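Please keep the sequence and the coordinates at hand.

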2 protein chains.
Amino acid sequence: MKEIAELVIPWLEEAASVLREKMLEPLEVETKSGRNDLVTNLDKATQAFLVGKIQEHFPEDDILGEESGFNQEVDWQKRVWIIDPIDGTLNFVLQKQNFCIMLALYEKRQSRLGFIYDVMAGKLYWGGRDLGVYCNQEKLRPPKAMRLADGLLGMNAYLYAHNLCNAQAVGDATAGVRIMGCAGLEMIAILTGQQVGYLSNLQPWDYAPGCALLDAFGIPYTGADKAPLNFSGRQPFIALSQPAFAEFQKSF
Amino acid sequence: MKEIAELVIPWLEEAASVLREKMLEPLEVETKSGRNDLVTNLDKATQAFLVGKIQEHFPEDDILGEESGFNQEVDWQKRVWIIDPIDGTLNFVLQKQNFCIMLALYEKRQSRLGFIYDVMAGKLYWGGRDLGVYCNQEKLRPPKAMRLADGLLGMNAYLYAHNLCNAQAVGDATAGVRIMGCAGLEMIAILTGQQVGYLSNLQPWDYAPGCALLDAFGIPYTGADKAPLNFSGRQPFIALSQPAFAEFQKSF
């Protein structure tokens with residue numbers, strides 16, 4: 001896996017560098033499922049670039065990607081690459097920061113590698129169960145174990161406002177709720193101990209890269225409705241530090 | 001006002017530098033109104049440092065500060081300094097980032113100067129109606145005018161979850177809701193065009209420094225319950241880009 005990671009990291013560096021340059025030009029923005037579900041020419045271009053690299057080096061592997069052409073069912077018994085070319089597209093368009101490029105490699109439904117690139121901070125979090133977790137070249141130590149009351153909880157605005165999956169009660173049990181609008185940044189916040197967890201409603205490309213890194217630290221996650229994640233379509237998702245996860249399983 | 005700003009900026013640089021150093025030592029954390037309303041030894045020390053500087057240079061002026069000893073009524077007909085020594089104390093304690101040192105100068109209830117120091121980013125936003133707005137040495141241009149649908153809205157978690165002040169409907173009218181847990185960062189996001197506005201429930205020391213900078217750009221704000229801000233005790237607060245403010249006044 002180390003060799004694959006070393007092959008992939010320069011792809012992500014190149015994709016990030018192109019994004020930083022091209023985002024200064026006018027964006028072509030289209031809506032998808034609704035007024036605030038956006039896709040830009042740069043989401044598409046970034047996905048196409050990563051798809052090209054994967055198909056060149058791993059022609060046997062399957063690919064699941066957020067944008068058109070690759071967001072269909074895949075054969076999870078094969079090796080599958082999962083791409084979120086710009087995670088946090090609304091932040092990308094409106095803030096020009098607080099977005100990530102994300103990539104994951106799974107094999108027989110097991111995570112192997114995850115990559116989350118906080119593009120404007122210049123920080124690539126990467127690794128997996130065989131490698132541990134790195135931020136750029138620095139190996140990270142696992143965050144300290146937290147109970148719900150010990151940390152901040154990243155949240156999806158819709159779940160929180162509509163109190164789905166007990167979101168408000170879970171939030172009230174923590175030290176406070178934060179909303180960043182970018183699954184990758186929420187996962188980074190868990191990996192670095194800035195948050196106790198993250199509760200949202202996600203597609204596989206939103207959670208798979210982060211889960212590959214959570215797996216490296218043994219940080220648990222599941223469907224926020226307690227159904228297992230099935231890597232197909234949008235599902236409520238929760239990841240929590242182990243003691244907080246035990247509280248969630250018992251009390252919510 | 002330029003001379004006063006030039007006197008004050010080194011105080012804030014010194015306070016920020018001390019904070020960055022002392023925050024690596026164990027913090028003494030106490031609760032105030034509730035389990036997640038925290039004060040640390042460094043909130044108190046930062047306030048004491050700024051109070052000392054103000055009393056040395058401006059002995060006639062009144063002082064309103066978040067922490068004990070200065071959070072009482074002041075005479076708003078005088079010149080008043082308003083201190084929030086660490087805005088976002090929960091972030092400070094749990095994340096060691098995403099907090100600000102804030103200071104404002106008011107005269108006969110009119111803003112004169114505002115300072116918001118994003119300590120870990122090393123960015124001091126400062127200025128006022130006579131000076132314009134600066135980030136460190138760089139003069140900022142006003143953000144572009146936005147309607148509600150054009151931008152992200154910073155939000156207070158409690159107002160949002162409990163749908164007070166129409167928070168959910170206002171949020172739904174925007175491009176999306178974000179929660180940062182730090183009034184200073186929300187104000188910076190408005191000043192730099194990263195957010196269309198901010199809806200929260202604030203004390204005067206939370207909003208006065210930001211309002212002094214909003215005044216410099218002519219960005220409107222009021223009580224989120226449409227009562228005027230009275231600079232005494234906690235009040236619902238909303239600031240919005242001018243076109244969005246007009247929509248809020250008309251439709252909510």
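In chain B, Tyr134(B) stands opposite Lys139(B), a residue of β9(B). Strand β8 (residues 132-135) of chain B pairs with β9(B) in the antiparallel sense over two bridges; two strands count as paired if DSSP finds at least two bridges between them. Strands (E, at least two residues) and helices (H or I, at least four) are DSSP runs, numbered from the N terminus. This is a predicted model, in which local features need pLDDT of at least 70 and side-chain atom pairs count only at pLDDT 80 or more, while totals for chains, interfaces and linings use all residues. Residues are numbered from 1 along each chain as its sequence is written, and chains are lettered from A and ligands numbered from 1 in the order in which they are written.

The pair β8(B) and β9(B) belongs to an open sheet of seven strands with mixed pairing, in the order β3-β4-β5-β6-β7-β8-β9 (chain B). Its edges are β3 (62-65) and β9 (138-139) of chain B; each has a single partner strand, so one side of each has no neighbour in the sheet. Helix α6 (residues 183-191) of chain B lies across β4 (79-87), β5 (100-107), β6 (110-118), β7 (123-128) and β8 of chain B, and runs at about 105° to β6(B). Axes here are lines fitted to C-alpha atoms, for helices over the stretch in contact, and angles run from 0 to 180 degrees between N-to-C directions.

Next come two helices of chain A. The axes of α1 (residues 2-22) and α2 (residues 41-57) of chain A come within 11 Å and cross at roughly 160°. The two are therefore roughly antiparallel to each other, a label for angles over 145 degrees. Residues making the contact include Leu7(A), Trp11(A) and Ala15(A) of α1(A), and Thr46(A), Phe49(A) and Leu50(A) of α2(A). By class, this contact has seven nonpolar, two polar and two charged residues; Ala, Val, Leu, Ile, Met, Phe, Trp, Tyr, Cys and Pro count as nonpolar, Asp, Glu, Lys and Arg as charged, and the others, Gly among them, as polar.

How are the two chains related? Chain B can be laid on chain A with an RMSD of 0.0 Å by a turn of 180° and a shift of 0.0 Å along the axis, superposing by least squares on the C-alpha atoms of residues with pLDDT of at least 70 in both copies. The copies are thus related as by a two-fold rotation axis. In chain B, the C-alpha nearest this axis belongs to Ile179(B), 2.3 Å from it.

The contact between the chains takes 18 residues from chain B and 18 residues from chain A, with contact meaning C-beta atoms, placed from the backbone, within 7 Å. On the side of chain B that touches chain A, the elements giving two or more residues are α3 (89-95), α4 (157-161) and β11 (176-178) of chain B. The residues of that side divide into 10 nonpolar, seven polar and one charged. Of the interface residues of chain B, 100% are also interface residues in chain A, so the copies meet through the same surface.

Note on methods: Two residues are in contact if their C-beta atoms, placed from the backbone, lie within 7 Å. Angles under 35 degrees count as roughly parallel, over 145 as roughly antiparallel, 65 to 115 as roughly perpendicular and the rest as oblique.
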